[in-house]
Amino acid sequence: MHASRPVGPLIRELGRADYEPVFAAMRAFTDARTPETQDELWIVEHPPVFTLGLGADRGHVLAGPGVPAHAIPVIQTDRGGEVTYHGPGQVVIYLLIDLRRNKPGGKLYARQFVEKIEQAVIDVLAAYNLGGERVAGAPGIYIAEGPRRGAKIAALGLKVRGNGCTYHGVSLNVAMDLSPFSWINPCGYSGLSTVDMRTMGIEAPLADVQQALAHALVQHLASTAEPNKPTEAPVGQAT
């Protein structure tokens, strides 16, 4: 008799952790999981690091004064997208999800999965009276109004394996040193403006935003919706 499949993802809080061990742990978890393995969300805050998506152009990591990228490590990954920056004051949530597992609305497709992640970010920003919006062809969330309209505040980059299991995830800028974003071409776009919640006038404890986003993701992943056309993995542009 097969064990029943667990419902809803387990939320793990990793605290502040270096990128490479967490990246290795995501892959190991995904290698070892079975159809009965519970989905998980990993909440983490990283020390400064640049990461590159599959096929990313290293030329988008710009030279700093004397040292490329100001000596911040540059790590190759297997997610979608170009170059991104992670650092203190940023919410990072990794989504280790089996998209083929039966859910209330049936299995999730990659594009539908991305839309649910983006909507969770929009909902969290709205709870802090910030308007966020999607931009066609550029995954992530951007400021929707005011003088900083179009500045990117959240990014996502995913890996979806052939068996429908995902890892990597989403980042939301809360209260960061934004300088390192100027040392790269975020998403491969020169001059793309990035912003955080603090710059938008919102002072919020990182832990509060971490919990808000994690629970919004759980809520959206549990909801039903019509599936969209599948997208090939890996998915996403990160910045």
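Strands are DSSP runs of E that hold at least two residues and are numbered from the N terminus, and the exercises below use these numbers for a model that is predicted.

**Exercise 1.** Find how many cavities of 30 Å³ or more the model holds, and work out which strand gives the most to the lining of the largest cavity.

*Solution.* Begin with the count, which comes to two cavities of 30 Å³ or more. Next, turn to the largest cavity, where about 110 Å³ of space lies. Its lining is made up of 15 residues, and those closest to the centre are Arg79, His86, Tyr94, Gly157 and Gly169. Then look at the elements that give two or more residues to this lining, which are strand 5 (83-86), strand 6 (90-96), strand 9 (152-160) and strand 10 (166-173). Strand 10 gives the most, with four residues.

**Exercise 2.** Decide how helix 2 is oriented relative to helix 3, and describe the contact of the two helices.

*Solution.* Start from the geometry: helix 2, residues 110-127, packs with helix 3, residues 206-222, at an angle of about 140°, and their axes are 9 Å apart. Angles over 145 degrees count as roughly antiparallel and those from 65 to 115 as roughly perpendicular, so the angle found here makes helix 2 oblique to helix 3. As for handedness, the two helices cross in a right-handed way. On the helix 2 side, the residues in contact include Phe113, Ile117, Ala120 and Val124, while helix 3 contributes residues including Val209, Leu213, Ala216 and Leu217. By class, the residues of this contact are eleven nonpolar, two polar and two charged.

Conventions
Residues are numbered from 1 along each chain as its sequence is written. This is a predicted model: local features need pLDDT of at least 70, side-chain atom pairs count only at pLDDT 80 or more; totals for chains, interfaces and linings use all residues. Side-chain values use heavy atoms; hydrogens and water are left out. On a 1 Å grid over the protein atoms alone, a cavity is a set of points where a 1.4 Å probe fits but cannot get out, and a pocket is an open set with protein on both sides within 12 Å along at least five of seven lines; lining residues have an atom within 4 Å of a point. Grid points are joined across faces, edges and corners, and a volume is the space filled by probe spheres set on the points. Axes are lines fitted to C-alpha atoms, for helices over the stretch in contact, and angles run from 0 to 180 degrees between N-to-C directions. Angles under 35 degrees count as roughly parallel, over 145 as roughly antiparallel, 65 to 115 as roughly perpendicular and the rest as oblique. A crossing is left-handed if the near helix is turned anticlockwise from the far one by less than a right angle, and right-handed if clockwise. Contact means heavy atoms within 4.5 Å. Ala, Val, Leu, Ile, Met, Phe, Trp, Tyr, Cys and Pro count as nonpolar, Asp, Glu, Lys and Arg as charged, and the others, Gly among them, as polar.
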